Each structure stands twice: as structure tokens, then as C-alpha cells.
Amino acid sequence: MLIGDLPQCFLLLAASSLGVLGTLLQAVKPQPPTAAAAAAAAAPHPSPPLSLDVKEESLRHIEESLMPTAHDVSHNVTNVHAKRHVNDPFRTKHFEIRNLNLSYVANRTRLAKKVVVVEGDILLGGLMMVHERGNEEVCGPIMPQGGVQALEAMLYTLDFINKEEDFIPGVKIGAHILDDCDKDTYGLEQAVDFIKGSISNIDDGEYKCKDGSSPEVRNKVISGVVGAASSVTSIQVANLLRLFKIPQVSFFSTSPELSNKQRFEYFSRTIPSDHYQVKAMVEIVKLLNWSYISIIYEESNYGIKAFEELEGLLGINDICIAVKEKLVKDSGVAEEVAYDMIVKKLLQKQRARGVIIFGSDQEVAGVMRAVRRNNATGSFSWIGSDGWSARSLVSSGNEPEVEGTLSVQPQANPVDGFDNYFSGLTFQSNKRNPWFIEYWEDHFKCKHPKSPVTKYNRNYTQACRQDEKLTNNNTEFEAQLQFVSDAVMAFAYAFKNMHHHLCGGHPGLCPRMSPINGEELLSYLRNVSFTGLSGDNFTFDQNGDGPARYNIIHFKQLSPGQYAWITVGQYIEGELKLEMDVLQFKLDDPSPPSSVCSLPCHTGQAKKYVEGESCCWHCFNCSTYEIVNPSDETQCLSCSWGTLPSEDHLTCVPIQEVYIQPGSWWAIGAMLFSSLGLVMTGVVIWVFVSYNDTPVVKASGRELSYVLLSGVLLCYAMTFVFILKPSDVVCGIQRFGLGFCFAVVYSALLTKTNRISRIFNAGRTTARRPSFISPKSQLCICFFAVSIQVIVTALWCFVSPPKAIHHYLQREDNFLVCAASINASYMIAFAYPIGLIVVCTVYAVLTRKIPEDFNDSKYIGFTMYTTCIIWLAFVPIYFTTANNVELRITATSVTISLSATVALVCLFGPKLYIILFHPERNVRQSMITIPKNPALLSSNLSSSSQRMDSGTQSEVIFPVDYELHEKIRTMGCGSRTASNSATQTCPASSCSLPDHHCGPIHLITPRHSTNSSSSTNGPVQDVTDVHL
């Protein structure tokens, strides 16, 4: 039965009826009135007072009168707070009764109450686990190690202290030791003896003897209690003793709950808390690389609190619990079938071979028997708590089942001299221990002649002999008796220090220590520091617990059939030291067993958990482009575009950026072509600058020619911009330069063709000189046309800023390109230049019939035709090379360079040919050829005679006019007749130019006659002389 956080006490039953409290008073007072006396007192007639012996008989009567009363009300009264009234006889003390849960089993067979009494001036109570728990009866069989040996260790330590005459001058320490039978309710019942002396001192003034005198009462006041062994019993007893401020020191109770000094302020212990034991167990599990284990814990405060801490620590360390099972403890003794069910559940989880058992030896022994019955020997590896490890009750007869156990035990050394003391005890000499004969019978399997027959000795046929002796060979000693001895020593040193301060070292007890104040004693107790009989230094920590020192012990088969517990490590101050090479879980297989549900997945594999299991999974590979999710190992994550999984599929690694490298053959070819074009353009510019004032250069239109050459130069330079590593700046330059260079070239060409077309078209309709044909006007028109491209590009950059991006054509690709190059947005840059090309082409078609020696229309037309062919071929190439960035960039660069080359060669090649190879033609006369058709000449003369270029050398039409006028004038000065097949020129001697002016010339328009070959000239027009 679990005890909560509120004390349980059966001394005062809080109820509305004072009759219940009166019954309690009768039970604990030296001269208690019986129920009949109470009834008589309530009757109208007086009743003489009862006189009872207040010695041993009254003490024995406590349980007889108290327990039935408790039984009557315990099932109906819970969580009642009772405080005495002003007239309450217990007004000098305050009691708080909580969770009143008393048990009294009337049909149980109880053993006769036995007690160990050691007389002394100061009495210590002792609560030992001499017997195991019984099922049908309260107490079961004798418990040799943790029971009888612990009791004798307490007596041995008292003997050692009392032999020291000067330890406490004139004071002997006595004892009153009882058996709790490893049962919390029975232990609580036994603990009543420890408070009788305190209760009898409360108020005895109302009881008088027949002669009117006060009764003489010998009060055995218990100053402190050593025990209990079980945590659940210690909790019960601590809740009782705190009401009377009686300090308690336990030697085996390890529950972490007892460290709470808000509830158990009078409780201390010489053994460390299970909080540290649990940590040591988890460290062992981690060291063995177990990740899937089972836990068995007893149904008590000791087991449940430990399990709660274990569950939390295992979860933090990613260790899963396969099976969680309870061992019956508080609710009675389990049947063997219950242990069989636990083992069968363990066998269902075959991969969980590691099992932590947190329980007491009686319950764990049942588990080991069940393991043997279910043929599961060797199936499990145990990690045991201090409650059952190194106990013969568990290992004796179950050696193969226990083999390989690793256990955590509080570090304890043998009590000096105790082995010899205990070995010298016999049932004849040890009269003060009433249970020693029972122990002797159990140890030697014999029957003592004077012992009563019990279910445990009735099968012993051999009589106990006097020559039987306890030896180290036939006796297995409890390894933790140091804690029992230290508990007694702690009280002894507290009494000593208290006597020194309160009594000044005078022999005997002074009034200030008669009786001893429990609150004062507690302060001395918590501050003791001594060297115990084991040789270890001892002090309590801030929680009243013993120092956290543990030994790791191992149950090992030393040779076939020979087993022993050996120390293989330590756990001190949170650090585990374990000798792994000494461990041997099986005689023929020393390696630690595996206790994992699923092996770790290979690197790059994800887990799929088995339904209902947190430590069991299946492993599966992530796909080619996936990695294991770093935050969830059950999922795979796809790597983003531009990255690929690493070889271990744990991270996504960026793909190396791909862009056209200057060292690639594509780039080298494009740059060589562009470099050649730059050289050619530079040569043309140099030639034009060198021959800037020659007729050919003047006739080609110097201003627009230089603009056109600048555009060609930019076209060639764009190749090097395309070769650069893409960035936002580079992409901006590409976007601007790509359209700008073409706009410059074709704006200049458009201006040229437009001027030629306007001049010759105007000659057919009017004699007026066309406007905007001067060099400045032509430059303004050209710059205006270029500015349109600049505006378009600026708006484009504002709406969609240029930037370099990563382009992924396929999953393994990572091209670093300009955003505009991966779609049709570059057409925005080309749209306007394409329009210029179309218009220039139209003008080239319109001016194709102009005499070839008089203008550049023929070459401009050829340039436009070739350019259109180049760009018509480029468009499909551009869109079909989307999967090859290098080829696309190279194609774009080469196309731009080809367009520039066509313009350079077609427009400037003929001129360079004349300038460099035929300088004799670089004169005005070479710029004209008279048409063979006189009618055309007449027409041209008529239409052009009125158009003069004032101060320009930018078009061939004006040298043509000049030559025409010169020929016409020569004809007027010489022969007056003109052949229809030839034109006469003036002799140089008769016509001196430019000062000579011929008179009016009359051109005879040919007349048609019967002779078709002859013709005459028509009327003569006056032609204004051209002034150069």
C-alpha cells in the first residue's frame, strides 16, 4: 500500500465524538479507564475509580484497546484535521491527523510479540526487518542478512560504545528493538512502543490511586529510532515520529521522497538517496550501449519513486523502455503465477535483453524462480538495485538465472570485528535476541527442542546441536551493515555532543537531558562528524542523507558451478568507473549482450518506426536527390535546385556554378573573332582619320561614318562583356550594351539611307532643297534615334532590374546566367534595333535604282540583306541552345560580331580599297560617270540644278552636279551640237575653271523623225553654276 505525502497515525482518531478520543486516552494513560468505567462515569450514580498496574501490563494493553477502535473508524475517517480544544487533555501538544488509513486484520495469525531490550540511561528504538512479509500471516520466514545480521550489528555497535567508559561519562545507551516483518502497516503498529513514554508524560494528573496518591509510572522514553529498513515503512513511521519530535535514522531506506525535509524533517539516513543510484544505473546502461530495455519495479514507494526517475533519465538519453511491470509489495505477497506473467511479457520483447529490477530480495527471488520455470535462463541480463543484490535470498538456488547481474550498491566497508562477533554467537549464549534460535534453525536446517513448531521448521527432522558453529565459510554476511552501525554511531555522537554542551561533561544525565528534547537532539544529530567502525568518515548532507558513494558489483561465474559477487567499479560524485574487461555475462561468452530493438540505420538512411514502438524501426534509403531530415530522422528532404545530396545523404551540397569560362574554347573562339574585328575597326578609323579631307572620305559622310564605326567597335566589345562572370553589374552592362551598339550602327545607316532617299525623291517633285540634310542635322537625327533605345533600356531596367541568377535546366545543372538570357526578354533589347534594320532594308530597296557611282545605297542594301539573313539564322539557334549556356552565349557573341563585320566590310571596304590601293581615283572627277541616257541627264540636271550643298562634302550628289555643270558648260563653249550618243566636253584651253562662265546653253530636245537613230535636243534650261 502506497503512502501519500500526509502522515498516517493511529494514535488519535479525529472524529466528532469525544468518545473516540476518550478511548484513545484510556489506551495510552498509565491508569486507563475501561469502557465500562466510561459508561459508569456517564451514569447518574458515582463509580469508584479503577486502579490498574501501570507497568508492563498497561503497555501491553495499548494495542488491545487501541486496535479495535482504530479498526472501527479507519474505513470512514480520512483526511481529517483535529486540533485539541482548550479543555482537551492534550492541549499541550498539537496533532495533525491526515490520511488516516489503518489496517487491522482480525483473522490473521500474528506471531507472539518479541522485543530486544538493552537497558540504558538513554534509549534508542530499533525497527528491524527480522522476518519477511507473510501472505496468510503477518510475518513470514526469518530474513538472515538484512534482518538478523542488521539487528546484531546494532547490538554490536551499542556494546562497543558502552564499553567506552568516557564516551558519555556515566551514561549508557540502551535499546528497544522490534520486528516490522517488512510490512509498513505492521511496522507502524510496532512503532507505538516508541511513543508510549512520550504520551505518558503528557498529563497523568487526573488519575489517582485509592489512597489519593499519584501513580508511580516508569516511563521508557525513546529518544531516537534506528530504522526502518524498507522505505515504505520508514515513511509510515516518520509520519508518526514527527508528531512527537523523535529523530529517526534509517540505514536501508533509499526512496528519494524521504529527502523532502518539509515533510520528513525528523528523518535522516546513513545511506544515500536512490536519486544517485538511478543515475548510476543509467550510466551503466549507456556504457553497455543498450537502447532498448525493460524495467521491473516493486509496488512500493521505494520502487515507484525510483521508476519515475528512471523513466525520465532514460528518456533524456534516448533509451526506450520495452516492458514496464510492477512487483506486488504493499498489497501482499504475489502468487507464483504473477511472476510467470511478468517473465512471459519480458519474453515477448526478445530484443530487450537488458532488464533493470528495482525491488526487494523477496520479490526478486520470485522473478528468478519464474525465469527458471519458463526456461528463460540466460535470456536476460539484469541491472539490480541495492534492495536485492548480493542477497543470498535471491542468488541462492538461482545462480544461473542471476549470472551476469550488474548491481549498484551503496559503498560500504565491513564493520570492524563484527564477523568474529557474529561467528561467536550461539543459541545458548545469545539470550537477548529472541529471534536468534529461529535464525539458527533456518541456517542449520535443524529443530531446537524448545522452539514452537511453525510452518518453516516443522520439516526439520534433525535436532540442533551445541557443537554447531557459524563460520565465514557457512555464513554469507550482509555487505551493507556499515549503514546500520553508522546510524547507531550517529545517535551516539549526537548524545555525546549534546551531553557535553548541556551537562558540561558531568557524569550522568543532567536535568536538561532528562528527558531529551527531540528538536535539540535533531540539531546535534545533523551536525555529527565521525569515523565509524568501518573506517569511513561520515557526515550527513544538507538533506540528511548519507554520502553518495556506490560500488558496482557483478555476479560472476568464476568456474563451472562456482559463483560470487565481485566489485567491478565505482560511482562517486556522478562519475562511473567500470572495469569492462572484468565483466563476464556468461562463462563461455564474456561479451556484453545486445539490448537494442533496431540497429542504427546506415548513414543516409531514414527510419520508419514500428507502430507502438519508439525504439523499433525499419531503415530505408532516401532517393537520389534527397537527404535525411536533420530535425526528423523519419523523413527525407529533397535538396533544393542547385544542390545535390552529399555522399552520405546528410547535407545538400551546392553544385559548382557553371558559366562560360574565359579559358574555354567557346570563349577563346568568340574573343579571337571579336579581337580581329576590333583590329579591323581600328584600322578603318585610322585610315579615315588619316585621309579625313580626301574626296572619298568626304563623299562617304564623315560624321555618320565615325558614328557607325563607334557602333561597330561597341559590337565587337560586347563579346568580352558576355565572357565575364555574370553579376548584377555585368548583366546590366549586357542588357544596355546589347541594344545600344546595334542602335548606334543602324541609326547611322538609317539616317544615311533616309537622306539619300529624300534627296532623290524630292528631285522628282520639286526644285527646293530638302531640309535636315546638313551634317549637324544628320547627327541630331542619329542621336535622337539612339536615345529611343536608351530610354527603352532604362525603363526595362527600372521595371525588371538586371540580376545574375542560377538557372537549372536539369537537376544536376547550376548555370550562373543573367536573368534576361534564359527567356525571350532579350528581345526587348533587340526590338528597336530590329525595327531599325527593317526600315534600313526598306530604304535600301527604295534607293536601289540610284546610279551606283553616285551613292552608298548599293552597299547599304547589301549590308541590310546580309544582316537580316544573319539574325534570321540566329533566332532559332538562340532558342534551341537553351540546354547549353556556353553555346548560347558564344552564338550571341558571334552573331553580334558578324553583324558588325558585315557593316564594316560592306560599307567601308570599297572606300578603303580606293583610298589605299587606288589613290588616283580619290579625286572629284572619279566620283562621276555620265549616264548613257541623255534624257536621264536632262532630268537629273533639271531636278538637281537648284540643289546645292552649301559647305558640305557629305554626299556624292553634289560632285555629280558639279561634273554635270562642267560638261554642259564645255559643250556650250565648243561645239554647239551634241550627239545623242556622246557628250562633248569643254577643252581645257577655252574653259578655265572655276572662273570662266559659259554663256547660256541651249540644249536641243531630240525630235523623232523617220530616222529613229537621229534626235534633237529640246529647249535649253538655265542652270545655275555650282560654287564649290
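**Ground rules.** I'm working with a predicted model, where local features need pLDDT of at least 70, side-chain atom pairs count only at pLDDT 80 or more, and totals for chains, interfaces and linings use all residues. Residues are numbered from 1 along each chain as its sequence is written, and side-chain values use heavy atoms, with hydrogens and water left out.

**Entry 1: the count.** I started with disulfides, meaning pairs of cysteine sulfur atoms within 2.5 Å. How many disulfides does this rule give? I got 9. I then looked up a few of them one by one.

**Entry 2: Cys139 and Cys181.** These two are joined by a disulfide, with 1.6 Å from S to S. I read 85° about the S-S bond, and the link is right-handed. Next I checked where the two ends sit, using helices (H or I, at least four residues) and strands (E, at least two), which are DSSP runs numbered from the N terminus. Cys139 is in strand S4 (residues 139–142), while Cys181 is in the loop between strand S5 (173–179) and helix H5 (184–190). They are 42 residues apart, so I noted a link between distant parts of the chain.

**Entry 3: Cys597 and Cys616.** Here I found another disulfide, at 1.5 Å from S to S. Its torsion about the S-S bond is about 110°, so I wrote down right-handed. Cys597 lies in the loop between strand S18 (575–578) and strand S19 (605–609), and Cys616 in the loop between S19 and strand S20 (617–621), so the pair ties together parts that are 19 residues apart in sequence. Cys597 counts as buried at 8% relative accessibility, and Cys616 does too, at 6%.

**Entry 4: Cys731 and Cys818.** This disulfide has its sulfurs at 2.0 Å. Which hand does it have? The torsion about the S-S bond is about -90°, so this one is left-handed. I traced Cys731 to helix H21 (residues 728–765) and Cys818 to strand S26 (residues 815–818), 87 residues apart. Both Cys731 and Cys818 are buried.

Entry 5: Last, I looked up Cys906, which counts as buried at 11% relative accessibility.

Terms used
Buried means under 20% relative accessible area, exposed over 50%, partly exposed in between (1.4 Å probe, protein chains only).
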